[in-house]
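Below is a colleague's note for someone meeting this structure for the first time. Please read the numbered points with the model open beside them.

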Amino acid sequence: MTKLYLDIGTDLTKKEELYINGLTNEVDIITGVIENIEDGNIDSAIDDLNQLRSYKEASWDKNNQNPEGSLKLSIILTNPNYEERIFLDSFIRDPFSNYFKILILLSTLFVLNSSKNFIIDNKLDKFEYPIIILLSILGMFFMVSSNDLILFYLGLELQSLSLYILASIDRDNLRSTESGVKYFVLSALSSGLLLYGCSLLYGFTGSTNFELIADQLNKENTGAVFAMVFILVGLAFKVSAVPFHMWTPDVYEGAPTSITSYFAVVPKVAGLALLIKFMFVPFSNILLEWQTIIIFISIASMILGAVAAM
């Protein structure tokens, strides 16, 4: 049989050596199967395949006994102090994004579990329901990990398109259909303002990367400050901040209750994470310009929310 040799140097841990030895054994077995088939020894090839199966089952049992070999939350949070960047620094995984991803998942689990009986009683337990929920979560993950205007907008629209469908998922209910159409039209308007702001920001800074934008952005760059205003308006619409909240009552009233509870919690978490990231990464050099706007919409949202609820 052909032996597998790898030029890996000498700096190997015990775990890495075991992994490479196991990989070598598997390659040897597979090579033996091929050679037996070429020689016409079908019985020997079947024996080698059974040997490979037994070896894999033994490896699986061994990994399951080892906590390091099991699937756990470390897929998202392996090292809280570790930062990883991919796709030319457009996607970033850091403690901030890890925290909000876990918060999004926990919020989704809570909302879905609490609305389980409602979904079954109202015959909304269609196969599309969990798929669309997962697609919206994927968009939120892109949003909170984005470090680039393009990836941010792709994640935002993936989330928004999923939410449009969820709002009108009760097709036999006229109010639910009306809710989805209203949400689509008004959200398209806010997305247009947001995209216009992103275009201006790219035009006046010459980059779509958040950190490169921060290097080029200052209060003398008037065009970029205007772009910041458009982006803030679009994000305020997404989190239903006053005075960009007028779509919320119509959409929440018409959508099924389980969807309304989802809208009220999970997309708001992602929207706030994105708002924080925008303010403290690309717009960090114009703190005084955006601070007044944030204070105004925060106070207005709290006052109007408290008064309207009375």
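1. R93 and E84 form a salt bridge, a term used here for a side-chain nitrogen of Lys or Arg within 4 Å of a carboxyl oxygen of Asp or Glu, and in this pair the closest N and O atoms are 3.5 Å apart. R93 counts as buried at 14% relative accessibility, whereas E84 counts as partly exposed at 34%; buried means under 20% relative accessible area, exposed over 50%, and partly exposed in between, with a 1.4 Å probe and protein chains only. The model is a predicted one, in which local features need pLDDT of at least 70 and side-chain atom pairs count only at pLDDT 80 or more, while totals for chains, interfaces and linings use all residues. Residues are numbered from 1 along each chain as its sequence is written, and side-chain values use heavy atoms, with hydrogens and water left out.

2. A salt bridge also joins R85 to E211, with the closest N and O atoms 2.7 Å apart. Because R85 lies in strand β1 (residues 84–86) and E211 in helix α8 (residues 210–216), this pair ties together parts that are 126 residues apart in sequence. Helices (H or I, at least four residues) and strands (E, at least two) are DSSP runs, numbered from the N terminus. R85 is partly exposed, with a relative accessible area of 29%, and E211 is partly exposed as well, at 32%.

3. D250 forms a salt bridge with K182, and here the closest N and O atoms are 3.7 Å apart. This pair links distant parts of the chain, since D250 belongs to helix α10 (residues 247–254) and K182 to helix α7 (residues 174–205), 68 residues apart. D250 is partly exposed, with a relative accessible area of 38%, and K182 counts as partly exposed at 30%. E178 joins K182 and D250 in a network of salt bridges, and the count for the model comes to 5 salt bridges.

4. How many aromatic pairs does a search of the whole structure find? The search gives 15 aromatic pairs, where rings of Phe, Tyr and Trp (its six-membered ring) pair if their centres lie within 6.5 Å, and planes under 30 degrees apart count as stacked, over 60 as edge-to-face and the rest as tilted. One of them is the edge-to-face pair of F91 and F142, at 6.3 Å centre to centre with 85° between the planes. F91 lies in strand β2 (residues 91–93) and F142 in helix α5 (residues 128–145), so the pair ties together parts that are 51 residues apart in sequence. F91 is buried, with a relative accessible area of 17%, while F142 counts as partly exposed at 28%.

5. F280 and W290 form another edge-to-face pair, at 5.8 Å centre to centre and 75° between the planes. F280 is in helix α11 (residues 257–280) and W290 in helix α12 (residues 287–308), 10 residues apart. F280 is exposed, with a relative accessible area of 58%, whereas W290 is buried, at 7%.

6. One aromatic cluster is formed by Y164, Y183, F184, F237, W247, Y252 and F263. Helix α6 (residues 149–167) has 19 residues and reaches 27 Å from its first C-alpha to its last, close to the 27 Å expected, the expected span being 1.5 Å times one less than the number of residues. Helix α6 is mostly covered, with 14 of its 19 residues buried.
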